[in-house]
Amino acid sequence: MRNIFITVALLYFFSNTLFAGNNPFPEESIDCKVSRHYKYREDKLAGREVFVTYNGIRPLKNACIEIVAGNKKEQTRLAAGTCDSIPVLLPPDIGVSKDDTIQVNLVLGKKILLSKQLVVPYARQWTVYIYPHSHVDIGYTNTQANVELIHKRNLEYAIELAEKTKDYPDGARFVWNPEVTWPVERYLKTEPKDKCDKLLRAIKNGQIAIDAGYVSTNTSSANDEELFELFNYGKKLEKLTGKKVETMVQVDIPGVSWGIVPVAAQLEIPYCMALFNGTDRVGLAPEISFKPFWWEGPDGKSRVLFLQPGAYTPGAHNKGYMFWPKMAGQTDPDKLLRIVKTDNPRANFIDPYLDQMLPKLEKADYYPYDIFPMTWCMADNTPIDFDLPEAVKSWNEEFAYPRLKICTATEIMSASTINTVISFPS
């Protein structure tokens, strides 16, 4: 009698657990995590990536993830044995211009096993413009002779890296920005003719970009003649190479004086890009970051497009900190690092900076653009990051957006998004 009672009890238990509500796995669920990144779908369009995690023990052979967005339905079949952190690419228009709500279903055959409503937060399809340089700060971290050596050597390594990557995909081809013309002037005055000719060819070919200023200086202490002299050597290089010099780049020193505007305009330099220190002695400089504007001169006629894309320190904070202390104060030129190169180019890259800045700018009412300009500099008077082209190439192979592009200051300033949105003051 006891055995019959136990058997009946067990049958009652299983009938109310395994088959209650036609769900033999009552504790199972799905979780979803939305990435800010877009990848390339099979149709070559860009779709946001969502990671779906199945919490349960049910075998998911022949199951699929179904995305329902409005009247659209798309299914992604699960790979054999897959049940954890399943990547799914959303339809191309989801989350691009606004928050969107979708339904995520776990489907087996014609039956929906589990379902979850998901909000896909807005994330722009960004193009990230990366300006690679080494801040020229003569005598600050080392002797003037060693600073000259570092920046002249950077020119030679830059040509080497540009040649090596000249057949890389668009965006990953290396270009070097000496930042100011002082290193180029020193090189052309001290190196043999064959080396100087090679440098001039690299400038003509666009492998080395020339910006207009001789050094980053406190322009408020300069008179009119000195402001013109600031651009003199850049204009000499323009005539020598045939490459237009169109952008003044000011690094570390917050801002430039008003007199720069008519001088730059008279010399046909339409752009000014400033990269401030970021932490020390900055005053009110942070308040104008990522707020490009046409700056009108005191004459009421001249104008330059001014942009401060934040500080010049993202590269130093994310990667350069491992290298620049080895160079600061190192007076033996034989012990100065020649290049920065690691076994993993994507390590210590721009990810944390983008994760911080892009959501912030998406929420800002002053930045409607889908381009993000930034600097990549190991610190003051440091070598070139040889990892950069490999990191950009690898990133762009993995992600559709944000898309990365190694570029010059003039490419940033003349980017069509900025020029079509910002207009001259009336």
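Biologist: Is Lys-72 buried, partly exposed or exposed?

Modeller: This is a predicted model, so treat it as such. Lys-72 counts as partly exposed, because its relative accessibility is 43%.

Biologist: Which side chain does Lys-72 meet in a salt bridge?

Modeller: Asp-93, at 3.5 Å from N to O. Asp-93 counts as partly exposed too, at 44% relative accessibility.

Biologist: Where do Lys-72 and Asp-93 sit?

Modeller: In distant parts of the chain, 21 residues apart. Lys-72 is in strand S4, residues 72-77. Asp-93 is in the loop between strand S5 (86-89) and strand S6 (100-108).

Biologist: Why can such side chains pair?

Modeller: Opposite charges can pair when the charged atoms come close.

Biologist: How many salt bridges does the count come to?

Modeller: 23 salt bridges. One of the pairs is Lys-193 with Asp-197, 2.7 Å from N to O. Both lie in helix H4, four residues apart, about one turn of the helix.

Biologist: Is Lys-193 buried or exposed? And Asp-197, buried or partly exposed?

Modeller: Lys-193 counts as exposed, at 63% relative accessibility. Asp-197 counts as partly exposed, at 26%.

Biologist: What about helix H10, which pair lies there four residues apart?

Modeller: Glu-397 and Lys-393, in helix H10 (residues 388-398). Their closest N and O atoms are 3.0 Å apart. Glu-397 is exposed at 55%, while Lys-393 is partly exposed at 26%.

Biologist: Which residues are linked in a network of salt bridges?

Modeller: Glu-148, Lys-152, Glu-156, Arg-186, Glu-191 and Lys-195.

Biologist: Okay, helices. At what angle do H3 and H4 pack?

Modeller: About 145°, with the axes 8 Å apart. H3 covers residues 182-190 and H4 covers 193-204. The crossing is left-handed.

Biologist: New topic. Which residues make the nonpolar surface patch?

Modeller: Tyr-321, Met-322 and Trp-324, giving about 280 Å². Met-322 is in the loop between helix H8 (314-318) and strand S13 (339-340). Met-322 counts as partly exposed, at 30% relative accessibility.

Biologist: Last one. Is Tyr-369 buried or exposed?

Modeller: Buried, because 5% relative accessibility is under the 20% cut-off. Tyr-369 is in the loop between helix H9 (351-363) and strand S14 (371-376).

Technical notes. Residues are numbered from 1 along each chain as its sequence is written. This is a predicted model: local features need pLDDT of at least 70, side-chain atom pairs count only at pLDDT 80 or more; totals for chains, interfaces and linings use all residues. Side-chain values use heavy atoms; hydrogens and water are left out. Patches are made of residues with over 30% relative accessible area and no salt bridge: like charges are joined within 9 Å, nonpolar side chains (Val, Leu, Ile, Met, Phe, Trp, Tyr) within 5 Å. Accessible areas come from the Shrake-Rupley method with a 1.4 Å probe; for residues, only the protein chains shown count as cover. A salt bridge is a side-chain nitrogen of Lys or Arg within 4 Å of a carboxyl oxygen of Asp or Glu. Helices (H or I, at least four residues) and strands (E, at least two) are DSSP runs, numbered from the N terminus. Buried means under 20% relative accessible area, exposed over 50%, partly exposed in between (1.4 Å probe, protein chains only). Axes are lines fitted to C-alpha atoms, for helices over the stretch in contact, and angles run from 0 to 180 degrees between N-to-C directions. A crossing is left-handed if the near helix is turned anticlockwise from the far one by less than a right angle, and right-handed if clockwise.
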